[in-house]
Amino acid sequence: MVDLTPIITAVLTLIISLISAFLIPYIKAKTTDEQFNTIKLWVQVAVQAAEMLYVGSGRGEEKKKYVVDFLNSKGFTLNTEEIDNLIESAVLELKQSQMK
């Protein structure tokens, strides 16, 4: 009778290697996308709230500070450039939706 143990071991090693190489990075990327979408949603909420609270032109710094403080209270820590880009995107979307 032929001993299949080395073949089974090799197949299992191959399967575990494929899972490590492809499935785990996919799951990590998926989680990152979901986290980004969550952050983007909270930025949009904060921008809309800031627009309602600080009415008038020339109050951009107050609005931005409100949004950053709001995000920090939710536990999100982003660098300044990421926050600025998300805020600008949310403001643009808000203005476009108001024009409709």
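Which exposed residues does the face of helix 3 turned away from its buried side carry? Select Glu81, Glu88, Lys95 and Met99 to see them; exposed means over 50% relative accessible area, buried under 20% and partly exposed in between (1.4 Å probe, protein chains only).

Before going on, note that this is a predicted model, where local features need pLDDT of at least 70, side-chain atom pairs count only at pLDDT 80 or more, and totals for chains, interfaces and linings use all residues. Residues are numbered from 1 along each chain as its sequence is written, and side-chain values use heavy atoms, leaving out hydrogens and water.

Now colour the buried residues of helix 3: Ile83, Leu86, Ile87, Ala90, Val91 and Leu94. They cover an arc of only 135° around the axis, which puts them on the same side of helix 3; the arc is that of the directions from the helix axis to the C-beta atoms.

Next stop: the rings. Select Trp42, Tyr54, Tyr66 and Phe70, a cluster linked by ring pairs. Rings of Phe, Tyr and Trp (its six-membered ring) pair if their centres lie within 6.5 Å; planes under 30 degrees apart count as stacked, over 60 as edge-to-face and the rest as tilted. There are three aromatic pairs in the structure. Tyr54 sits in the loop between helix 1 and helix 2 (60-73), and Tyr66 in helix 2.

Finish on Phe70, which is buried, with a relative accessible area of 18%. Phe70 and Tyr66 both lie in helix 2, four residues apart, about one turn of the helix.

Notes: Helix = DSSP H or I, 4+ residues; strand = E, 2+ residues; numbered from the N terminus.
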